[in-house]
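Please consult the sequence and structure shown below.

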Amino acid sequence: SSGRVIIDGGSNLDEPIIFEATSTDPADAWGGVYFYSQRPDNVINNCIFSNATVAFRGLDDCNVSISNSTLNICGIAATTNNGGHLNLSNCTITNSRYYGAVAAGRSSITMTNGSITGSPRAGIWAAGLARVFANRTSFSTNGPPLLDDRNLQFGGVRNTHGSLRLTCITSSNNYGPGLTALGGVNDMAPNAKNVFQNNLEVYGGTRAQIYVCSTIPDLCNGRN
């Protein structure tokens, strides 16, 4: 698609554009926004998106920049697939029901100066051939806190055979590993300190700060 999308709430962050369902009940969730436009200048600024099944879906080589926005109480706040590219800056993702953000297939997500909290799966996930770039972003209280959900591989940042680059992130106080690396490319940017610390206790113990597949010996090539 060649059309352009602009949703701009302006510079007054106290008066955002709000997209929300009629209630916070998951049964009342709305479908969210689908992006197919391949133009490089699609813009969303100063918005709040609440109780969507998936607030943003970036598909078919689309390009979208989202800034100064909050994505709250969604099934998944943002996902890309099939070549979609999503750039989030100064955004907050809170209390997703599953994942904060997921990049899958040939797609990518870049998150800068943001935060992801309260996602009971992973805060952000690079799946398959996708790419995730996180810069000066924090991840906390992500991962499964419940006793009946004992998967050790879900927490702050997760990579399963994608490409991951971390620059000056903080992943702390999660219910699972601050970083789970199960394949693909995992790059700690040189001269950029990443912090993984203070995992929360789950069913009588804490989980590893970093959970790494044994086939990835060169994970920590930066300062951590």
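In this predicted model, cysteine 47 is buried, with a relative accessible area of 2%. Cysteine 74 is likewise buried, at a relative accessible area of 1%. The whole structure contains zero disulfides.

**Cysteines**
- The cysteine sulfur closest to that of cysteine 47 belongs to cysteine 91, and it lies 9.4 Å away, too far for a bond.
- A disulfide would require the two sulfur atoms to be within 2.5 Å, so the 9.4 Å between cysteine 47 and cysteine 91 rules one out for cysteine 47.

**Strand β9 and its neighbours**
- Strand β9 spans residues 76-80 and is mostly covered, five of its five residues being buried.
- Strand β6 (residues 54-58) runs parallel to β9 and is joined to it by four bridges.
- Strand β12 (residues 99-103) is also parallel to β9, again with four bridges.
- Alanine 78 of β9 stands opposite phenylalanine 56, and its bridge partner in β12 is alanine 101.

**Salt bridges**
- Two salt bridges are found in the whole structure.
- One joins the side chains of arginine 106 and aspartate 61, at 3.7 Å from N to O.
- This pair links distant parts of the chain, 45 residues apart: arginine 106 lies in the loop between β12 and β13, and aspartate 61 in the loop between β6 and β7.
- Arginine 106 is partly exposed at 48% relative accessible area, and aspartate 61 is partly exposed at 32%.
- Aspartate 187 and arginine 165 also form a salt bridge, with their closest N and O atoms 2.2 Å apart.
- Aspartate 187 in strand β22 and arginine 165 in strand β19 are 22 residues apart.
- Aspartate 187 is buried, at 18% relative accessible area, whereas arginine 165 is partly exposed, at 32%.

Notes: Residues are numbered from 1 along each chain as its sequence is written. This is a predicted model: local features need pLDDT of at least 70, side-chain atom pairs count only at pLDDT 80 or more; totals for chains, interfaces and linings use all residues. Side-chain values use heavy atoms; hydrogens and water are left out. Buried means under 20% relative accessible area, exposed over 50%, partly exposed in between (1.4 Å probe, protein chains only). Helices (H or I, at least four residues) and strands (E, at least two) are DSSP runs, numbered from the N terminus. Two strands pair if DSSP finds at least two bridges between them. A salt bridge is a side-chain nitrogen of Lys or Arg within 4 Å of a carboxyl oxygen of Asp or Glu.
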